[in-house]
Amino acid sequence: MIDAIRDYGFLYWDRFLRSRLFMVLLRPVIITLITLNSIITRRRMSHENGLVVRGQVKILDNVDLPPNGFFTPGKVFPCRLRHASVSFLDDAALAVRGASVKFADEAVDSPFDMLMNNGNSTPFWDMDTFFQFTLARIRGGRAHLIDYFKRNPRCYMNVRDALRRDPSSFANLYYYSQIPLRFIAEDAVERYAKFRLIPWDETPERDGIPDEDDLQTPWFQEAKPNERRGRNYLKDAYRRRLDKQPVRYRFQIQILNWRDSDDRDYELSSLYPWNEDECPWRDLAEVIITEALDDAEGNECLFSLRHLPAAVLQTIPARNFRDGPSIDYLRLAGWWPRRARLLMYRLRGQPPRIPDERSETTEAYADETVSTVESDDVYRRPCLPQRDTPERREERREQLEQARGIYQYLHGYIETEPTGEQPAWHPPPWYRGVFRIYEPNPGDRKTVPIPLPPFVRELPSGERYSRVVQGRIYGTLAVSYLALALSRFENWLAKRHGLDIYRFLLWGFRDKPLTMAHWREDAEFARQRLAGVNPRIIRRFTEIPANFPVTDATLAGLLNAGETLASAMEKRRLYWCNYGVLEGISVKPGRYLAHPIALFYVNGEGRLMPIAIQLFQRPEDGPIFTPKDDPGLWLAVKTFTQSADAQVHEVVEHLLRTHLIIELFGVAMRRTLPEAHPINALLSPHLADTMAVNTSARTALLAPGGPIDSTMAVGSKGAFELMGRVWHDHRILDSQDVPLDLKERGVDDVEALPDYPWRDDALKLWAVVQRYVAAMVEHFYASDEDVAEDDELQAFHAEIRDPRGGNVRDMPGGEVGFRTRDELSGFLTRVVYTASAGHAAVNNGQYDCFGFIPNVPGALYRPPPRDKDLTWSERDLERALPDLRTASTQILMVRLLSRRTEIPIGRYAPAFFAGTQSVLPIVTRFRRDLHALSLEIEARNLGREVPYTYLDPKQVPQSIVT
Ligand SMILES: [Fe+2]
């Protein structure tokens, strides 16, 4: 309980951290610290070691920019430019260099200052990481920087790209503004801009690029021991160059025309450069430098982000301190430490010039002089094992050996009676009598009837929920409990009775289930087969089965004029749902469950309608009901069908086919693919938290007395039986393949079955995922041989197939393993699709469908009708529905399960693929495809009576839990 309160509290703390208020409060704290530092040291916060020069900026005559009020062709500004090393009072250090341009020959005032550095992206991407980075530098130890880089490999890559060693001149380097600004032209189109300063002759940047040795330990930035040049050599060289001739630069601009599909987290983050094909650099101005200022005058010079031509360039408003533009929000306040420094010059004089001589000890970090950490320990680009060095291959093997100790499969079997044998694993007491846990020893199997899908033996600590996820779960539960309590109080006050009780049980909830308004109608009943939470049961009806003796007479008046069963079948107008899998499954005492066969007809308007339902698999157990029967009776028959559908949905389609299968792949991956393997990098975000949620499902949701046991007809025992039955003779992988599944069920004909939103959206989303996964596979595997030679990948395949491992029988490639890139990407598409979209389709709508109890009761408490002469009054139905307590549990459960996602598919963290730059175009295209599909689905939904949103990529979680 205390844990729950703590985690719930943490959720609010996390929300506060993500609020604008926190950002506003944090800024003065950081700025005060930096200002105090400036006052005490009389030094700049960074870029201490530099020189200021002057000259002019001329906007080019042929500048290619939308008309705006500042960058007018031909316009000339006097200017100042400051070159500096970002850190170290030594020009020979391994450091980032900067260039700041002021469009005025003044110490402070200016219409436009632009601050730029080497490298086209920053070593931090928001106020949060800036703070962490600054703290690591202030604390001074290499260990802190290394630690920061390990946490943020993408930032590390950016630093490596930006560091320069021994350039011959400041004038040879490329300087980038990195952080985008809003660009406002006269046409008011939404645009963003970045700037850079490069040599006039556009010589490619080769000067000062450090060698690989240097980059192996970039935290050793001091000058090399054999360095003979003075500590001011770079500044002195620049002055000498100016004595001979002016220095010319090219000032360039990059414009991003904002598209709806662009993503703020990527495009407006300084962590990623813009694609230069889409946003080419355009020449903007020529900068000619003619004269150097002396040190004293240069020190008085101040460059600030505040100096922007506001009508044309603006900083982007930040949402919170983890939003990319928050860096500029902080930089704007950098004005104060700069002013404080100038004030201190006046009071205490300027700092002395940096001495030319170098000493052995100055500037060295105090903590260590020899690094045991190398670049590869901090950042490792995922690569195939056959491309890795022998030492690293050994490391990979060691890592997997450890992982195999932590991640172990557990193979459970269902037993109808406890065997009395002592299980090898010690399960919690409730497991006994429900199913037994065996060591994966095939010899034991003859004693047990049905295996369950394997799952993780014990939840590894690294797989536990984060506190944010845990807090969100408690948060949803707490709010739902409160809403239910309020609703029940309202019911009691208003003395509600009849079916109204269920309607008003939702009184305290802000949003109401979609199905509440039309749940009695036939059209709504049919709609839920195509756009509900269980859209993959329906199949084309191609022949009349022996156990379902429907005839033309049964359907008289229900088909279009002149239509017969035979002709309707011929025209692909008949579809059916068969719940035969439920026959013989245990049902809790006092509850009733049918195993119906329901027939549907696509009428003249192209709309699916129910026309006949037989509640049992054997015709002698009950008649075929039709809409022509007594309306109360027909409603009862539909309700029994809904309840049967719910058992198949929750246990088979939701739990087994998404949750448990994904866990199985997750365990195999952790055991066989090291973190440095590209397929591990690709799958990890989609498998996040799945083992944790499934462990909760097994120990809480499915436990005797748990929500499934107390609300569903099958209860805990029946649920395990059902799961085992389907797993036993189930083709796991093929059923996850959308085009194959549609074809196999005969529902792929758009003309015959025009309105099937799940099919339409799932097909498109499948194609998007497929294209993305194929691109990733092709990126890492140059040929089919690469696939065949990847022994880690083949071990992954073998692990999934192994009866003692994942025990999946329909792996592509069979005993041989993955043979081609197509085979591999086909498999991975199924995994990524199932963990995200496949799960979303059966998960997101649970509250919509099961939240309103009369629409789908988890169980019914009166026997199903077996006679057409019966009548079922509203009162009879009411008596058959769950009591208020059970109904409340059902609502709580589905409310919790259908929480809205916080991380939609495609939103990867900066550490995705260890920040590898080369996968970015693939990710960007994936996100654009997802966005385009989202817009398409939104537009389609505008024209629908009931929108279908469960597969809108915005609402599809990245993994089963997120
Ligand atoms: Fe789920």
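# Exercises: charges, strands and burial

Arg54 is buried, with a relative accessible area of 17%. Buried means under 20% relative accessible area, exposed means over 50%, and partly exposed lies in between (1.4 Å probe, protein chains only). This is a predicted model: local features need pLDDT of at least 70, side-chain atom pairs count only at pLDDT 80 or more, and totals for chains, interfaces and linings use all residues. Residues are numbered from 1 along each chain as its sequence is written, and side-chain values use heavy atoms, with hydrogens and water left out.

## Exercise 1. The chain as a whole

Task: How many helices and strands does the chain have, and what percentage of its residues is buried?

Solution: 
1. Count the elements. There are 31 helices and 19 strands. Both are DSSP runs numbered from the N terminus: helices (H or I) take at least four residues, strands (E) at least two.
2. Take the burial. Of the 962 residues in the chain, 60% are buried.
3. The C-alpha trace spans about 110 × 65 × 55 Å along its principal axes.

## Exercise 2. Arg54 and its salt bridge

Task: With which residue does Arg54 form a salt bridge, and where do the two partners lie?

Solution: 
1. Set the rule. A salt bridge is a side-chain nitrogen of Lys or Arg within 4 Å of a carboxyl oxygen of Asp or Glu. The count by this rule is 69 salt bridges.
2. Find the partner. Arg54 pairs with Glu291, and their closest N and O atoms are 3.3 Å apart.
3. Arg54 is in strand S1 (residues 49-59) and Glu291 in strand S9 (residues 281-292). The pair links distant parts of the chain, 237 residues apart.
4. Check the cover at the other end. Glu291 has 39% relative accessibility, so it counts as partly exposed.

## Exercise 3. Strand S17 in its sheet

Task: What is the strand order of the open sheet of 5 strands, and which residues of S17 point one way and which the other?

Solution: 
1. Write the order. The open sheet runs S15-S16-S17-S18-S19, with antiparallel pairing. Strands pair if DSSP finds at least two bridges between them.
2. Find the edges. Strand S15 (539-540) and strand S19 (624-625) each have a single partner strand, so one side of each has no neighbour in the sheet.
3. Pair S17 with S16. Strand S16 (residues 574-578) and S17 are antiparallel over 5 bridges. Cys577 has Ala598 in S17 as its bridge partner.
4. Pair S17 with S18. Strand S18 (residues 608-614) and S17 run antiparallel, joined by 6 bridges. Tyr601 has Met609 in S18 as its bridge partner, and Leu599 stands opposite Ala612 in S18.
5. Look at the turn. The hairpin of S17 and S18 has 5 residues between the strands, and Gly606 takes a positive phi near 80° there.
6. Sort the side chains. Ile597, Leu599 and Tyr601 point one way; Ala598, Phe600 and Val602 point the other way. In S17 (residues 597-602), 6 of 6 residues are buried.

## Exercise 4. Asn118

Task: Is Asn118 buried or exposed, and how far is it from Tyr176 in space?

Solution: 
1. Asn118 lies in the loop between S4 and helix H3 (127-139).
2. Apply the cut-off. At 1% relative accessibility, Asn118 counts as buried.
3. Compare sequence and space. Asn118 and Tyr176 are 58 residues apart in sequence, and their C-alpha atoms are 6.0 Å apart.
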